[in-house]
Amino acid sequence: MAHPLHHAEGSARKFGGVPDDYQFVHDWFDSSKEHLAVFTHRAHRHHTLGIFEAERRFGCSLTNSAGRVVPIRWIGEQHVREDCQGRIPSLADWLGRIQPEPWMANGRIDNDPTQIGSDPRSAWIEAVSNRQTILGFEDWLLKVSVEHVQHRQNRAAA
């Protein structure tokens, strides 16, 4: 989908009524295009939390011009599915794909300077290519995380 109007037309086909019944909801989902006119603008609201935020903002439902009561959640789910290849990602799905940059880590909580500005996926790729692991990324990330916590605990105990 390229424009909120197309989403609104889809809502009218799916739920009845006319596109104007739904336009305001779809405009809200795509309002981040004002700041970033590429697909990554979707990280702002195209996820489960965004759908529930829409419901809080617009109420649980609307009554379209055909008299049908339509849950706002259904409209949000339709919008997100149309833009995200049929799935509804979580906010964590979007945020977990942000590539860390050094400026993001100001005021870090832990005292491990090796973690500042590093990209865990790059570190995993390097470990695989150096034959240091055969684990998949998620398993490797968990292993490294556990090892980091154990290292900190051992350091604190010493």
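Trainee: What does D93 count as, judged by its relative accessibility?

Mentor: This is a predicted model, in which local features need pLDDT of at least 70, side-chain atom pairs count only at pLDDT 80 or more, and totals for chains, interfaces and linings use all residues. Residues are numbered from 1 along each chain as its sequence is written, and side-chain values use heavy atoms, without hydrogens and water. Relative accessible area, taken with a 1.4 Å probe on protein chains only, defines buried as under 20%, exposed as over 50% and partly exposed as in between. At 22% relative accessibility, D93 therefore counts as partly exposed.

Trainee: With which residue does D93 form a salt bridge?

Mentor: A salt bridge requires a side-chain nitrogen of Lys or Arg within 4 Å of a carboxyl oxygen of Asp or Glu. The closest N and O atoms of the pair are 3.2 Å apart, and the partner of D93 is R87.

Trainee: Which residue meets K33 in a salt bridge?

Mentor: K33 is partly exposed, at a relative accessible area of 29%. The N to O distance is 3.9 Å, and the partner is D30.

Trainee: How many residues apart in sequence are the parts that E55 and R73 tie together?

Mentor: E55 and R73 form a salt bridge whose closest N and O atoms are 3.1 Å apart. Helices are DSSP runs of H or I with at least four residues, numbered from the N terminus. Because E55 lies in helix α3 and R73 in helix α4, the pair joins parts whose separation in sequence is 18 residues.

Trainee: What is the orientation of α3 and α4 to each other?

Mentor: The axes, which are lines fitted to C-alpha atoms over the stretch in contact, form angles from 0 to 180 degrees between N-to-C directions. Those of α3 (residues 48–58) and α4 (residues 72–83) come within 9 Å and cross at roughly 140°. Angles under 35 degrees count as roughly parallel, over 145 as roughly antiparallel, 65 to 115 as roughly perpendicular and the rest as oblique. The relation of α3 to α4 is therefore oblique.

Trainee: Which residues of α7 meet α6?

Mentor: The axes of α6 (residues 120–129) and α7 (residues 137–157) come within 10 Å and cross at roughly 100°. That makes α6 roughly perpendicular to α7. Contact means heavy atoms within 4.5 Å. P120, R121, A123, W124 and A127 in α6 meet, in α7, F137, W140 and L141.

Terms used
Helix = DSSP H or I, 4+ residues; strand = E, 2+ residues; numbered from the N terminus.
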